Amino acid sequence: MNAPAHDEHFSQHVRRYLYVFYALLFGTLITVGASYIPFGNRSVNIGVALFIACGKAFLVAGYFMHLISERKMIYGIMTFTAFFFLGLMFLTVGSFADFPPLTITH
Amino acid sequence: MDIPHVVQPRPDTGLYNAKVGIWLFLASEVMLFGALFSAYILLRVGAPEWPYGWLNVPLGTANTLVLITSSITTVMAWASLKMKQFGRFKIFHAITLSLACVFLGIKSYEYHDKFTHYEIDLKDGRVADGHIVENGKDEIVISGRFAKDRHDLYDLHERKLPPHQEITIPRAQIAEMSSYGPGHNTYTAVYFTLTGLHALHVIGGAIVIGYLWSFGSKMWQTDPERFTNRIEVSGLFWHFVDLIWIFLFPVLYLL
């Protein structure tokens, strides 16, 4: 790639980074705003906040960390990580349904 | 003997060594924070009551915006090097470093606020809650309010408590008092553990960014490509720190 084409290529990247930045700022304000909306059940608020957080995390990992256009090996590493992370969360949530007999629950 | 693929990527993976290294490190970090989030879920679900509204949301929001802004300046610094604009890189990285300091400054203020905030159980059954104004030998002056019992202090959004005022409490009336430090209850323990570990990551990242901005930037003159790779790798770590905060903020401050 010659020098002007190379610079133009990165200028496009910079524009994309700025759009992601604005989206992250907007997402933060939406997260705060949504936390004050009485959905009737606290777990709905938790779900909404985590959904927005996941969207923001996707933007940071996908664009700032370039995961959206990474090499196969990085995807391999992250797939293993995601598998074990989700396994950990599954065990955590699954443990709620596995109380020993006579356990006092709230 | 030179180590291969320090700068140029391996032909089969398309990656240079440090990039594989940082992603493996980040994978281990995901599991570290994952374990702590898992502990948080277990403790929260098992708790009979969970505090709500104990942290300063405007300050937490400000810190979130600070970290997001530092993320964009980090990636801009890297893009500047890719476009051979070293001067712009220096400016963007200086901003990142300043924002890291702002984040830590705000966090320190929040920690100080919690360590000077006391819950005081009185012998008559009432609970006084507020910040210490004067810590005398015979009496304590706080800026705070009385609550019927400690459950009144749990949900500060829903329950209407009287406004803060200066209250003088003779020491003889105090049954027990504890600051809102890590030992106060499960919530503060979780809060200080998660944000403390995150703050250590911010400090570590800031040290690396500071080095690459100052002494380490000499490498740009001798080996610009390798220096650009270093900025990319340090940037990946910094974005990860931002990513963790994206989850910590709603989980601890808003929910």
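Predicted model: local features only at pLDDT ≥ 70, side-chain atom pairs only at ≥ 80, totals over all residues.

I began with B:Thr74, which is in helix H2 of chain B.

Is B:Thr74 buried or exposed? I got a relative accessible area of 2%. The cut-off for buried is under 20%, so B:Thr74 counts as buried.

Next I listed what B:Thr74 touches, skipping residues up to four places away in sequence. I found B:His93, B:Thr96, B:Gly235, B:Trp238 and B:His239.

I also checked a distance along the way. B:Arg226 is 152 residues from B:Thr74 along the chain, and their C-alpha atoms are separated by 17 Å.

Then I moved to B:Ser71, also in helix H2 of chain B, which covers residues 57-82. B:Ser71 has a relative accessible area of 0%, so I wrote it down as buried.

Which residues is B:Ser71 in contact with, leaving aside neighbours within four places in sequence? My list reads B:Trp238, B:His239 and B:Asp242, plus A:Phe64 from chain A. B:Trp238 and B:His239 were on my list for B:Thr74 too.

A:Phe64 sent me over to chain A. Helix H2 there runs over residues 42-64, 23 residues in all. From first C-alpha to last I get 32 Å, close to the 33 Å expected at 1.5 Å a residue.

I looked up burial in this helix as well. A:Phe64 is buried, and the buried set also includes A:Ile52, A:Ala53, A:Lys56, A:Ala57, A:Val60 and A:Ala61. I noted that residues three or four places apart point the same way, because an α-helix has 3.6 residues a turn.

Last entry: just after H2 of chain A, A:His66 takes a positive phi of about 60 degrees.

Technical notes:
Residues numbered from 1 in each chain as written. Chains lettered and ligands numbered in written order. Heavy atoms only, no water. Helix = DSSP H or I, 4+ residues; strand = E, 2+ residues; numbered from the N terminus. Buried < 20%, exposed > 50% of the residue type's maximum accessible area, 1.4 Å probe, protein only. Contact = heavy atoms within 4.5 Å. Expected span 1.5 Å × (residues − 1).
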